[in-house]
Amino acid sequence: MRKTVMAFILLMLAMTLLPPTSAQFVSFTTNDEITLLRGDYSSGTIMLTNAGGFSFKVVSYQKFWVEDADGNKIPGFNLTIKPTIFADWTSQKTYSVSYNISCASNVSGGTYTLYLRFLAYTADNSMYIVHAAVPLHIIESALNFGVADAYVKERPGSTYALNGETIVVFSHVDNIGHSDVTVRASVSLSADGRVYFSENRTLTMKPGDNLIRFEVPVGYDLPEGTYRLEYRIEYEDGSYRYSREIPVRFGVKLVAISLQSDVVKLGEENRAYLTLLSERNVDLNLTVETYRNGSLVSNTTTPVTVRGGTDVIEANLPTNVAGNLTSVIELTFDGRLIGSGKVSYKVQAPPLIRNVTYERVSSEEVLFKIAIENPNYEEVQGEFGYRIVANGNVLYKDSLQSVLHPGINEVSLKFQLPVGKVVEYEFTLSAMGETSTSKGELYLQPPAPPTTTTTTTTTTVSNTTTTSSGTSGGLWMGLVIIVFLLLVAGAFYYTRKGERSKRRTRPKPKRRSPLGRFRRPKRPEFKENKELPKKR
């Protein structure tokens, strides 16, 4: 081995002493390229192939240089290769050559050619000068920016974001140098000239692959619309910019409002049905404001829960007031309007008999006053009827078509009724499909009989006892007293008998036949009262 090394050294010395004029020129070829960052170094391997028709016993690396496209030699490069001596490099044989090349920072970026020069000797000691040309790319920027991308974190693949979700924007940065590089990265979300989110970072890019990633929250305060996402990376030798338009939605849409009934009665149940399309589960507030003739009559807010898919929400509508009502329905989230609509319906209130009073205007006549309330804001057609009964016999019965004005209507009826009997009365009102009834009874007290004054005289008798010696005198006195007492008793009896003979006896009333004489009552009078009755 030692002898071989010594022989190789002697051979090389002999080759260097040979005159250069005896050399011939051939080339080695390669398909490899070298990329180098200015101010940095690069190492790797290139494959060189002996493309000539010569087989060389010994090949020795001699030197290198770099030329630009115009053939000018460019300084500022250093190159070392291994190995530098090759043996038995026959025709079409390929050798792997390791290299380490560096470049000054003042070299301009571009494409150059790295030339390698070799001295090659054949077995008959013929010498050849061999050149190998390797493409050399000088780049000025240490960072290669990969293509950025953005997606919705909660729903990857979606083309839009929902309020409350997060947008992720990211990119890869390849630092081809061997030193750390400091960059400034930023992201923002804006619309109509207003920036809703912004973040800036200073990052260090290590040699090799680096990942930059931002998360952009889409707040609930963002109104629906299209927003611009801006992403930037900057450093002293270059920059990268990525932008994208991203629609933002709340994810709940009111598509229809329907009404249970257009016309309902006072106090009857009525609802509005809201049909929603939802992409999320969320709690909302349902507000119903109801107006009559522009005046607010009801305002309620209730929480509702919306699930994903198609939802139908029921909204209770007030029916405690009569008239044409309009309800404005709104769905809100934390004060933000999600959807709104309005419905109109009519609440009908049947007129009612509120009060019945009567007054005895003569010995046999009674005046009835019936108060009828029409709570509607328009006139209502109705049928008013009455029925008067005494001792099972119908005295009066009739019905009248009436026009009831809004508010209180008063009907006055006068009847001649029997005295000393219980009279039953019944008043009915039929309007708007409802019937209101008021029943009662009354009794007309007969007039009191005339009063007779009786005077009673009381005689006080003094019993006086007289003592006489004669029998005839005592007997006479006793007879006188007996006669006197008999006279007093007779006078008293006569007086009582006369009083009884003068007392009046009331004749029995004549029974009236339903088919006999009939006096038709006066037509009811409807008094319009423009003011509503006061609450009691």
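The charged end of R201 sits over the ring of F214, 4.0 Å from its centre. R280 lies over the face of F250, at 5.2 Å from the ring centre. A charge counts as over a ring if NZ of Lys or CZ of Arg is within 6 Å of the ring centre and within 35 degrees of the ring normal.

This is a predicted model: local features need pLDDT of at least 70, side-chain atom pairs count only at pLDDT 80 or more, and totals for chains, interfaces and linings use all residues. Residues are numbered from 1 along each chain as its sequence is written, and side-chain values use heavy atoms, leaving out hydrogens and water.

Now the aromatic rings. The whole structure holds 30 aromatic pairs. Rings of Phe, Tyr and Trp (its six-membered ring) pair if their centres lie within 6.5 Å; planes under 30 degrees apart are stacked, over 60 edge-to-face, the rest tilted. Two pairs follow.

| Pair | Type | Centre to centre | Angle between planes |
|---|---|---|---|
| Y358 and F368 | tilted | 5.7 Å | 50 degrees |
| F384 and F427 | stacked | 6.1 Å | 15 degrees |

Y358 lies in strand β27 and F368 in strand β28, so their pair ties together parts 10 residues apart in sequence. F384 is in strand β29 and F427 in strand β32, so this pair joins parts 43 residues apart in sequence. Strands are DSSP runs (E, at least two residues), numbered from the N terminus.

Y358 is partly exposed at 43% relative accessibility, while F368 is buried at 1%. Buried means under 20% relative accessible area, exposed over 50%, partly exposed in between (1.4 Å probe, protein chains only). F384 is buried at 0%. Ring pairs link Y358, F368, F384, Y386, Y396, F415, Y425 and F427 into a cluster.

Terms used
Helix = DSSP H or I, 4+ residues; strand = E, 2+ residues; numbered from the N terminus.
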